[in-house]
Amino acid sequence: MTSSVAPSAPARADDGSVPGPTKRVRGRLAPASMFPAGAPEYRTRFEQLPSGDRVRVMEAGPASGAPLVFVSGWGCSIWDYNRTYPSAVAAGYRVIGVDLRGHGLSDMPSGEEPYTTDAMVAHAVEILDALRLERPVVIGHSMGGAIAAHLAIRNPGRLRAVVVVSAIGFGVARIPDVGRALSPAWLTPIARAVLRRAVVATGLRVLYEDIECVTARNVDEYWAPSQFPGFVPAMRALLHRFRWTRFTPEEILAIGVPCLLVRGGCDPIIERPRDPVRLPPGSRELVIEKAGHLPHDESPDRVNEAFLEFLATLP
């Protein structure tokens with residue numbers, strides 16, 4: 001089951017103001033009630049990037065701790081890792097979660113160009129620069145895992161390590177081709193209208209092997225960002241312009257830093273390769289056989305233990 005953090009109080013920015021858009025769409029969580037609302041151990045603020053994007057940043061743990069940057073998957077907000085943050089904080093790390101462009105409470109620019117692979121990787125670099133982070137560990141889930149890998153490949157020496165969970169590019173992605181075929185541009189207004197709570201709940205039941213994880217809170221958190229007009233167009237643009245194909249063996253080795261690869265054995269999105277993936281030196285692979293596309297949520301104890309053990313081995 002997912003985190004029991006209650007949305008009883010608004011998350012606040014460092015200046016004391018309630019962050020994010022103030023408009024609320026009937027039925028969805030208000031922006032001020034989205035995670036980490038009601039959890040004072042998390043600090044939220046917005047960073048204005050040189051590109052003009054305004055992104056939401058959440059931090060927890062000691063400022064002096066080794067930095068861990070969590071990059072969420074397609075359609076996900078910082079809620080994605082709600083069952084991972086506490087163990088990392090308890091271990092003394094500086095935990096940083098970000099809502100990528102087009103996600104959560106961050107800006108959702110129009111058009112397709114901001115959502116190409118190159119643009120999203122450059123966006124992630126901007127975030128690291130804005131946070132003045134040197135050699136952080138970047139943790140990425142699904143599309144965020146692909147972004148973490150691209151970051152390491154394109155910026156040698158910038159990262160200390162990467163953790164990729166159900167990552168796009170580390171197997172054959174089954175769904176994006178279908179998503180592109182079912183999302184012509186003219187359908188966007190209709191898609192936003194039909195993206196009801198029940199649709200999100202059904203999607204989560206597909207993603208999870210353990211459907212007990214599909215709690216009311218989980219559904220509400222994943223549904224909430226769709227209240228903003230830019231969300232559905234941004235998700236469509238990513239489906240059509242982001243790279244969803246598999247990394248070559250040479251690209252994976254070019255990551256160049258230790259990598260922890262976490263997979264769900266019942267992942268409906270990523271088809272596990274028949275041949276073992278050759279990872280950079282110092283890397284590990286963990287397969288949670290009875291988990292779907294969110295193994296860090298379905299089996300948090302095992303994943304968090306492996307995660308912390310991996311971090312402990314880093315130079």
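Close-up 1. Arg132 is exposed, with a relative accessible area of 73%, where exposed means over 50%, buried under 20% and partly exposed in between (1.4 Å probe, protein chains only). Its place is the loop between helix 2 and strand 5 (137-141); helices (H or I, at least four residues) and strands (E, at least two) are DSSP runs, numbered from the N terminus. Although Arg132 is not a glycine, its phi is positive, about 55°. Arg135 also lies in the loop between helix 2 and strand 5. Its phi is about 50°, again positive in a residue that is not a glycine, and Arg135 is partly exposed, with a relative accessible area of 43%.

A note before you zoom in further: this is a predicted model, in which local features need pLDDT of at least 70 and side-chain atom pairs count only at pLDDT 80 or more, while totals for chains, interfaces and linings use all residues. Residues are numbered from 1 along each chain as its sequence is written, and side-chain values use heavy atoms, with hydrogens and water left out.

**Close-up 2. The packing of helix 2 and helix 3.** Helix 2 (residues 117-130) meets helix 3 (residues 143-154) at an angle of about 75°, and their axes are 10 Å apart. Axes are lines fitted to C-alpha atoms, for helices over the stretch in contact, and angles run from 0 to 180 degrees between N-to-C directions. The two helices, helix 2 and helix 3, are therefore roughly perpendicular to each other, a term for angles of 65 to 115 degrees. On the helix 2 side, the contact (heavy atoms within 4.5 Å) includes Met120, Val121 and Leu128, and on the helix 3 side Ile147, His150 and Arg154 are among the residues involved. By class, this contact has 8 nonpolar, 2 polar and 2 charged residues; Ala, Val, Leu, Ile, Met, Phe, Trp, Tyr, Cys and Pro count as nonpolar, Asp, Glu, Lys and Arg as charged, and the others, Gly among them, as polar.

**Close-up 3. A cis peptide bond at Pro36.** Look for the bond from Phe35 to Pro36, which is cis, with omega near 15°. Pro36 is found in the segment before strand 1 (43-48).

Notes: Angles under 35 degrees count as roughly parallel, over 145 as roughly antiparallel, 65 to 115 as roughly perpendicular and the rest as oblique.
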